[in-house]
Amino acid sequence: GVQEPDLFETRSEALTAGVRVQVRARYSPEHSSPPASRWFFLYTITISNEGDTTVQLINRHWTIVDATGHTEEVHGPGVVGEQPVLEPGQRFEYTSGCPLPTPFGSMAGTFEMIRRDGTQFDAEVALFQLIQPGSIH
């Protein structure tokens, strides 16, 4: 049979204007309390500058959807309190978390990037699932 991985991860990847955003997400039982309707997920994001110009991440925008279809929009400056500058070939990785009131949901978003010449673009964060292993059959 198929062996369950020890770490059940979901992933997504998107490439926008030379900026690649890769996501790995997993359920965090140690931060969760299902009896209190709290499911916590950790996600690790790797932002790689594969273009030929320096970029800086200035804002983030998330759309978080839970299993009931409730949508939450989150806007804010930077990520984990930083507005990283990525020269060509550089990458920035961070881990953050998201509580949900249901055992599964999804996140997608954009990172607002600015180039050295002042032009801006939104780097896509492709939709990724947040799933408590065993909650869906």
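This is a predicted model: local features need pLDDT of at least 70, side-chain atom pairs count only at pLDDT 80 or more; totals for chains, interfaces and linings use all residues.
**A walk through an all-strand chain**

Asparagine 59 is found in strand β4.

How exposed is asparagine 59? Its relative accessible area is 27%, so it counts as partly exposed. What does asparagine 59 touch? Beyond residues up to four places away in sequence, the list is Gly76, Pro77, Gly78, Thr110, Phe111 and Glu112. Keep Phe111 in mind. Now take glutamate 13. It sits 46 residues from asparagine 59 along the chain, and the two C-alpha atoms are separated by 19 Å.

Now step back to the whole chain. How many helices and strands are there? The count is 0 helices and 9 strands. Read along the sequence, you get β-β-β-β-β-β-β-β-β. The C-alpha atoms fill a box of roughly 50 × 35 × 20 Å along the principal axes.

The chain has 137 residues, and 39% of them count as buried. Next, contacts. Residues 24 or more positions apart account for 61% of them.

The chain exposes about 7,500 Å². Carbon and sulfur atoms supply 49% of that. As for charge, there are 9 positive and 17 negative charges. Their mean positions are 4 Å apart.

Next, the inside. The largest nonpolar core holds 28 residues. Which of them touch the most other members? They are Tyr43, Ile45, Ile47, Trp62, Tyr94, Phe111 and Phe128. There is Phe111 again, one of the contacts of asparagine 59. Which strands supply at least two residues each to this core? Those are β2 (19-27), β3 (39-49), β4 (55-66), β7 (91-100), β8 (104-115) and β9 (120-131).

Let's look at phenylalanine 128. Leaving aside neighbours within four places in sequence, phenylalanine 128 is in contact with Arg11, Ser12, Val23, Ala25, Tyr43, Trp62, Gly105, Ser106 and Met107. Tyr43 and Trp62 were in the list of core residues that touch the most other members.

Follow Ser106 from there. Serine 106 lies in strand β8. Buried or exposed? At 10% relative accessibility, serine 106 falls under the 20% cut-off, so it is buried. Away from its sequence neighbours within four places, serine 106 is in contact with Thr63, Ile64, Val65, Leu127, Phe128, Gln129 and Leu130. Look at Ile64 in that list. Serine 106 and isoleucine 64 are 42 residues apart in sequence. In space, C-alpha to C-alpha, they are 5.9 Å apart.

So what about isoleucine 64 itself? Isoleucine 64 lies in strand β4, the strand where we found asparagine 59. Isoleucine 64 is buried, with a relative accessible area of 10%. Not counting residues up to four places away, isoleucine 64 touches His70, Thr71, Glu72, Val74, Cys98, Leu100, Ser106 and Met107. How far is isoleucine 64 from phenylalanine 128? Along the chain, 64 residues; between C-alpha atoms, 10.0 Å.

Now to the start of the chain. Threonine 10 is found in strand β1 (residues 9-16). Threonine 10 has a relative accessible area of 11%; the cut-off for buried is under 20%, so threonine 10 is buried. What does its side chain reach? The side chain of threonine 10 reaches the backbone oxygen of glutamine 129, at 2.5 Å. Threonine 10 also touches Val23, Arg24, Ala25, Gln129 and Ile131, with residues up to four places away left out.

Serine 37 is in the loop between β2 and β3. Phi of serine 37 is near 55°, a positive value in a residue other than glycine. Serine 37 counts as partly exposed, at 43% relative accessibility.

Where is valine 80? In the loop between β5 (71-77) and β6 (85-86). Valine 80 is not a glycine, yet its phi is positive, about 40°. With a relative accessible area of 44%, valine 80 is partly exposed.

That's the tour. Thanks.

Definitions and conventions: Residues are numbered from 1 along each chain as its sequence is written. Side-chain values use heavy atoms; hydrogens and water are left out. Helices (H or I, at least four residues) and strands (E, at least two) are DSSP runs, numbered from the N terminus. Buried means under 20% relative accessible area, exposed over 50%, partly exposed in between (1.4 Å probe, protein chains only). A polar contact is a pair of N or O atoms within 3.5 Å; within protein, one must be able to donate a hydrogen and the other to accept it, and residues adjacent in sequence count only if both atoms are side-chain atoms. Contact means heavy atoms within 4.5 Å. Accessible areas come from the Shrake-Rupley method with a 1.4 Å probe; for residues, only the protein chains shown count as cover. Lys and Arg count as positive and Asp and Glu as negative; His and the chain ends are not counted. The place of a charge is taken as NZ of Lys, CZ of Arg, CG of Asp or CD of Glu. A nonpolar core is a set of buried Ala, Val, Leu, Ile, Met, Phe, Trp, Tyr and Cys residues joined through side-chain atoms within 4.5 Å.
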